[in-house]
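Open the model in your viewer and keep the selection panel at hand.

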Amino acid sequence: MRLKFTYLLFALLLQFSFYGQKLNTDSLLVVTNKLINVKKDYTKAIELGHLGIKHAPNYLDFHIALGRAYRFTNEIDSARYYFNYVITKNTNYKEAFTYLTQLEIDERKFNNASVVIDKAITIYPEEKDFYMLKLRVVNMENDDKKTLDYLNVLAKKYPTDKNIKDQIFDLKLKSNSDRIGINYNLTTFDRPGVGPWNLTSIQYVRQRKLITLIGRVNYTNRESFGQMISSGTLYELESYVKMTKKTYSFVNIGLGNDNVFPKLRLNYSFYSSLGKRWENEIGIRYNKTITTENYSAVIGFGKYIGAGWLNLRSYMQLGQKKPYPSLSATYRYYFNSKYDYFSLNAGFGTSPDERETISQFDQRISLNSFRIGAGYNKVFLKKLLLGTQIGFNRQEYNSNSYQNELNTSIQLQYQF
């Protein structure tokens with residue numbers, strides 16, 4: 001009732017006002033923007049916006065309001081028309097450049113967005129917000145070199161901006177990085193006479209734009225009642241290879257002693273982008289010991305959700321009487337860079353990617369397993385990458401007999 005009264009009041013003011021045009025149009029604009037920002041009644045806002053233009057055709061704020069309202073109703077051509085109209089008539093309306101650039105980004109019209117924001121920067125060379133909006137446009141083109149070049153320009157213009165420096169660091173780490181690292185994992189059991197198990201890994205990572213190579217040496221020793229009962233070494237060579245703009249491959253080759261590691265380990269996965277920030281994985285895992293050979297198929301899906309990433313991965317045994325499926329879910333929430341994140345994971349069943357228990361894979365795949373875990377990774381001093389992880393596994397070791405396993409790990413990498 002109050003809203004209807006307001007509309008009637010404005011209609012009367014527009015026809016019979018004694019206070020002049022500006023009072024009426026300003027008040028009408030306030031109601032129009034309230035309908036957009038608060039009430040979310042875009043249809044009524046469009047109606048009042050056109051009424052305002054009819055009464056005051058040179059009052060460009062109504063064109064801005066109409067552009068926004070049409071954008072929210074997904075009438076893109078109309079929204080684009082009103083934003084362009086404002087820019088053509090009066091470039092003092094900075095928000096018109098912002099709204100139009102954001103519209104073109106959302107519509108993935110990156111060339112259009114670049115033209116608009118470049119014009120804005122030419123007119124307002126000291127407006128930082130426009131430079132940061134242009135960074136969004138450049139980022140969406142998925143050209144790391146172009147993005148890095150533009151970030152370096154911004155770093156010179158805004159030398160105290162920590163966010164820009166962090167993005168440069170993150171991008172360099174992504175496209176061109178050499179790192180050495182060490183990882184230690186401790187597995188403890190609540191069953192007498194079992195464990196602890198110690199696993200130490202040393203690795204070297206050479207990361208370039210199209211290919212990443214990783215060499216890794218793993219050493220483990222296992223104890224029972226305070227005495228070491230077994231130990232062994234696994235040598236691995238791993239690679240991520242970019243195939244096309246939307247696809248890449250993962251390859252892993254491992255050679256170990258048959259006591260606690262597979263004699264031969266071969267892993268492969270093919271990843272492809274599905275659009276809308278979705279990614280899928282198809283792969284195979286192969287482990288060979290002196291007495292057995294095991295093949296596993298892998299299917300996975302990943303999705304970026306805001307600043308987070310969700311991944312679901314399933315494994316299915318091949319050549320077995322039963323497929324013995326396993327499933328894992330991982331969620332990461334990213335902070336300043338791809339190496340700063342908090343993670344959660346959960347799953348059931350045993351997978352061939354669990355390096356800590358790979359020697360018992362043949363025994364464990366037919367038994368129940370339920371696990372959860374959490375981790376945190378952080379970059380320090382631009383050179384050190386520190387990560388911690390803790391996980392709990394409820395593992396069946398005989399039919400209807402269970403043990404609790406606690407995995408804790410810490411890793412440190414140094415970039416040079």
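Start with strand S7 (278–288) and helix H11 (361–364): each supplies at least two residues of the lining of the second largest pocket. Keep in mind throughout that this is a predicted model. Of the elements on display, H11 gives the most to that lining, with three residues.

Now select Thr 289, Thr 292, Ile 358, Ser 359 and Asp 362. These lie nearest the centre of the second largest pocket, out of 16 residues that line it. The space inside this pocket comes to about 190 Å³.

Next, clear the selection and show helix H4 (residues 61–72) together with helix H6 (residues 94–106). The two pack with their axes 11 Å apart, at an angle of about 20 degrees. H4 is therefore roughly parallel to H6, angles under 35 degrees being counted that way. Turn the view to look across the pair: the crossing of H4 past H6 is left-handed.

Which residues of H4 and H6 meet? Show side chains for Ile 64, Arg 68 and Arg 71 on the H4 side. By class, the contact of H4 with H6 has four charged and four nonpolar residues, and no polar ones.

Technical notes. Residues are numbered from 1 along each chain as its sequence is written. This is a predicted model: local features need pLDDT of at least 70, side-chain atom pairs count only at pLDDT 80 or more; totals for chains, interfaces and linings use all residues. Side-chain values use heavy atoms; hydrogens and water are left out. Axes are lines fitted to C-alpha atoms, for helices over the stretch in contact, and angles run from 0 to 180 degrees between N-to-C directions. Helices (H or I, at least four residues) and strands (E, at least two) are DSSP runs, numbered from the N terminus. Angles under 35 degrees count as roughly parallel, over 145 as roughly antiparallel, 65 to 115 as roughly perpendicular and the rest as oblique. A crossing is left-handed if the near helix is turned anticlockwise from the far one by less than a right angle, and right-handed if clockwise. Contact means heavy atoms within 4.5 Å. Ala, Val, Leu, Ile, Met, Phe, Trp, Tyr, Cys and Pro count as nonpolar, Asp, Glu, Lys and Arg as charged, and the others, Gly among them, as polar. On a 1 Å grid over the protein atoms alone, a cavity is a set of points where a 1.4 Å probe fits but cannot get out, and a pocket is an open set with protein on both sides within 12 Å along at least five of seven lines; lining residues have an atom within 4 Å of a point. Grid points are joined across faces, edges and corners, and a volume is the space filled by probe spheres set on the points.
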